[in-house]
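Subject: Structure handover

Hi,

Here is the structure I promised to pass on. Please open it first, then read my notes below.

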Amino acid sequence: MAPRIRLYGLRHLRDEQAAADLVQQVLMITIESIRAGKVRDAQKIESFVLGTCRMVVLEIRRGGARRERLLEQYLPPVPAFPELAPDLGKLAECLGKLAERERSVVVMTFYEEHSSQTVAGALGLSNENVRVIRHRALGRLRRCMTGSPA
Amino acid sequence: MSCATPIDAAVLADYWLAELPPAEESLVEEHLFACEPCSRDLQSVMDLAQGIRTLARQGNLGMIVTQEFLNRLIRGGLRAREYSAQAGGTVECTVTPQDDLLIGRLAADLSGVQKLDLSLCDPSGAERLRFRDIPFRAAPGEVLLNYPIGLARQSGPDVLVMKLFAFTAHGERLLAEYTFNHTPS
């Protein structure tokens, strides 16, 4: 569960340290709740964890005192899903196979995680066009990276 | 372990970029918390994004860039060596170990152009590479090419001719030609 909480934290907080903080807090709350008998149905643990993530992220965004206390403590590394880092040589080769518009859209999108609106403005395209190009390019990139047929 | 209803990578990218409507985002999150394969797919989208950032910072992606994007790279601490070329002009150029990016600024009148190709040729006119249908805006009056700096570093003395081809309602035409004389530093 920790890697999924970390991903949620990275998505909403855009910061590795804050995501690690979130994992610690959510796991702590979950364990306390299980011990206190508040979570009885094992099937519902994922919903409980997601709900707790949402609550804690709101708290972190408000700059809650709990976060400040925890940040002062040592936080051990949070496990991530392993063996997924892409081969940069292969990625460069696959990016090189994209059409120029696709390459520009994905690089400009992911370099600073810009919205389709921002990229569209920079490239003189429509929002919808950028999203279509991005979707198509991602599909082609992933197929190229995994060696699947184009 | 597999997922019976996997989330499409494009949707995961939209989720990561905060571009899903709130209701759909909520559904995606519920699925992700219950599904390890899709969580791994999200991680792979994030890893792809990180890989793209790394390659862009290394300056090794041959691609058309905008001034705004170049500014962000420079603000991020990268050192760009830029060469501006007028239509029909010749530029003496090099690259040094201190440079992170190699940018060619190709001035051109892009008004009325519907589609644009950039062709990289040797002096005899033989095409080495063509960037087809490049994204552009007419207003800046120039095209910025981020030339792979690793290639330039490995190159000996070389002459590279860049040609912009415009596609209008009347067909394709050579819009401008630029010559870059590269000398190793």
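This is a predicted model: local features need pLDDT of at least 70, side-chain atom pairs count only at pLDDT 80 or more; totals for chains, interfaces and linings use all residues.

The axes of helix H5 (residues 88-96) of chain A and helix H3 (36-58) of chain B cross at roughly 85° and come within 10 Å. Axes are lines fitted to C-alpha atoms, for helices over the stretch in contact, and angles run from 0 to 180 degrees between N-to-C directions. That makes H5(A) roughly perpendicular to H3(B). The cut-offs are these: under 35 degrees is roughly parallel, over 145 roughly antiparallel, 65 to 115 roughly perpendicular, and the rest oblique. H5(A) brings Leu88(A), Leu91(A), Ala92(A) and Leu95(A) to the contact, and H3(B) brings Gly51(B), Thr54(B) and Leu55(B). Two residues are in contact if their C-beta atoms, placed from the backbone, lie within 7 Å. By class, this contact has five nonpolar, two polar and no charged residues. Ala, Val, Leu, Ile, Met, Phe, Trp, Tyr, Cys and Pro count as nonpolar, Asp, Glu, Lys and Arg as charged, and the others, Gly among them, as polar.

Residues are numbered from 1 along each chain as its sequence is written, while chains are lettered from A and ligands numbered from 1 in the order in which they are written. Helices (H or I, at least four residues) and strands (E, at least two) are DSSP runs, numbered from the N terminus.

Now the whole interface. 43 residues of chain A are in contact with 41 residues of chain B. On the chain B side, H3(B) gives the largest share, 15 residues. That side has 23 nonpolar, seven polar and eleven charged residues.

H3(B) also packs against helix H1 (9-16) of chain B. Their angle is about 65°, with the axes 10 Å apart. H1(B) and H3(B) are therefore roughly perpendicular. Ala9(B), Leu12(B), Ala13(B) and Trp16(B) of H1(B) meet Asp41(B), Leu42(B), Val45(B) and Met46(B) of H3(B). Seven of these residues are nonpolar, none polar and one charged.

Last, one residue to look at. Glu172(B) sits in strand E9 (residues 171-182) of chain B. Is Glu172(B) buried or exposed? Glu172(B) counts as exposed, because it has 11 C-beta neighbours inside 10 Å. The scale is 20 or more for buried, 12 or fewer for exposed, and partly exposed in between, counting other C-beta atoms, placed from the backbone, within 10 Å of the residue's own.

Best wishes
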